[in-house]
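Please view the model alongside the text.

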Amino acid sequence: MSILVLVFVAGYILITLEHPIRFNKTATALLTGVVCWVLYILSVPDTEPVLEQLAHHLAEIAQILFFLLGAMTIVELIDIHGGFTIITDRIATRNPRTLLWLISGLTFLLSALLDNLASAIVMVSVTRNLVRDAEQRRLMAGMIIISANAGGAWSPIGDVTTTMLWIGGQVTTVNIISQLILPSLVCFLVPLLWLTFSMKTPADALVTDKKGVSRPYVTPVQRRDRGIMFGTGLLAIILVPVVKSITHLPPYMPMMLSLGIVWGVSEIIHADKDEEDRKRYTAAYALSKVDVPSILFFFGILLAVGALESTNILKNLALSLSEAISNLDIIVMIIGIASAIVDNVPIVAAAMGMYDLGTHPPDDKLWEFLAYCAGTGGSLLVIGSAAGVAVMGMERIEFGWYLRRISGLALMGYVAGAATYLAIYALTH
């Protein structure tokens, strides 16, 4: 099985070098995932058990992918109706420090309700329209990355890694929120407070002639539709964990229910328009804007990790780590730091394969701490999270600049939040 590990590691390296080598990471992930299973099935005399394992992993992966597809479509439906401007148009401060707190706080909250990637994109778009000074804007963008990742970590629907643990049964809705909201808040507030007192604020930093970003005039009907879609979308997403808790259905089922509700409302409010006018407000149009390559990337990576799990490679790795580092908390913190270098999705998927629910039952300290560390550790580098990569492209943030100006702040928040979680756990258990 050593060749399987080599293929997996090679795939990882190519994914991290996506930009220098100009080879899309989704293609690499798909190739890695399929090749790993090909090598596995060719190495055994009886293929039937391997096919059964593949079917089992595919069922688990499909749940995550359908959940993500539903969530992304709802966010796109809100966005194409201009729903997020209900929040952004109300930002009217001329004080850079006040704006920093507003932007960061809204990002933290939105990322818990929607997801960290969508929230980061929305808030960077707002910042670009309100802040003139490039350096000030980059600092706020860095804080947006930290806020988005911290906000997504404590919510079962806010970050892909927490969602994976939630769907896998490692964490439950109420418990993960109650246990991680304070550590995540500390992770977000520590760098925010430091930046508040250390940042310089040029007099002309802000664009003072704008109170909001959706300046093109909208009709009363458009304003009504915007409000309806924003309210329906948020309520539908919040409904997901509620329905899951009541019915015990897999999370993708209530997410599909929520998508159906939002889709139906969008059809109703545009029923009187002709086909051409309705087209850009339909779910079909929203689906065309969904980041399908990201979904396929998760598919390829989770396939590859499934092959490593089926061959017991991850189990052996867990045993080796436990022998080398006896403290599980340190192992999890290292996993979180590693997620800044390597995508946190495969790292969490690997951890889920390394440790089982028999030894570590649902809501065990391992899973809670893993959700925090993997969710917030990606902020340490600009390439360490989907939110960071998106903001990097939007604001042309250089890797070196982020390392000098933001990574230290992110590390302070990461360690402070981790210490907060461990202290609370020690006091309550």
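## Basis

This is a predicted model, in which local features need pLDDT of at least 70, side-chain atom pairs count only at pLDDT 80 or more, and totals for chains, interfaces and linings use all residues. Residues are numbered from 1 along each chain as its sequence is written, and side-chain values use heavy atoms, without hydrogens or water.

Helices (H or I, at least four residues) are DSSP runs, numbered from the N terminus.

The largest nonpolar core holds 125 residues. Such a core is a set of buried Ala, Val, Leu, Ile, Met, Phe, Trp, Tyr and Cys residues joined through side-chain atoms within 4.5 Å. Met-164, Leu-165, Trp-367, Leu-370, Tyr-372 and Tyr-402 touch the most other members. Helix H4 (residues 48-80) gives the largest share, 13 residues.

Helix H9 (residues 160-167) has eight of its eight residues buried, so H9 is largely enclosed by the rest of the structure. Buried means under 20% relative accessible area (1.4 Å probe, protein chains only). Met-164 and Leu-165 are among the buried residues of H9. Leaving aside neighbours within four places in sequence, Leu-165 contacts Gln-170, Val-171, Val-348, Met-352, Trp-367, Leu-370 and Ala-371. Contact means heavy atoms within 4.5 Å. After H9 comes Gly-169, with a positive phi near 85 degrees.

## A buried loop residue

Ser-379 sits in the loop between helix H19 (365-377) and helix H20 (386-395). Its relative accessibility is 3%, so Ser-379 counts as buried. Not counting residues up to four places away in sequence, Ser-379 touches Ile-145, Ile-146, Asn-149, Tyr-402 and Ala-410.

## H1 against H15

The axes of H1 (residues 2-16) and H15 (residues 292-310) come within 10 Å and cross at roughly 155 degrees. Axes are lines fitted to C-alpha atoms, for helices over the stretch in contact, and angles run from 0 to 180 degrees between N-to-C directions. H1 and H15 are therefore roughly antiparallel (over 145 degrees). Leu-4, Phe-8 and Ile-15 of H1 meet Phe-297, Ile-301, Ala-304, Val-305 and Leu-308 of H15. This contact has eight nonpolar residues, no polar and no charged. Ala, Val, Leu, Ile, Met, Phe, Trp, Tyr, Cys and Pro count as nonpolar, Asp, Glu, Lys and Arg as charged, and the others, Gly among them, as polar.

## H10 against H19

Helix H10 (residues 173-198) packs on H19 at about 40 degrees, with the axes 10 Å apart. The contact of H10 with H19 has six nonpolar, four polar and one charged residues.

Key:
Helices (H or I, at least four residues) and strands (E, at least two) are DSSP runs, numbered from the N terminus. Angles under 35 degrees count as roughly parallel, over 145 as roughly antiparallel, 65 to 115 as roughly perpendicular and the rest as oblique. Buried means under 20% relative accessible area, exposed over 50%, partly exposed in between (1.4 Å probe, protein chains only).
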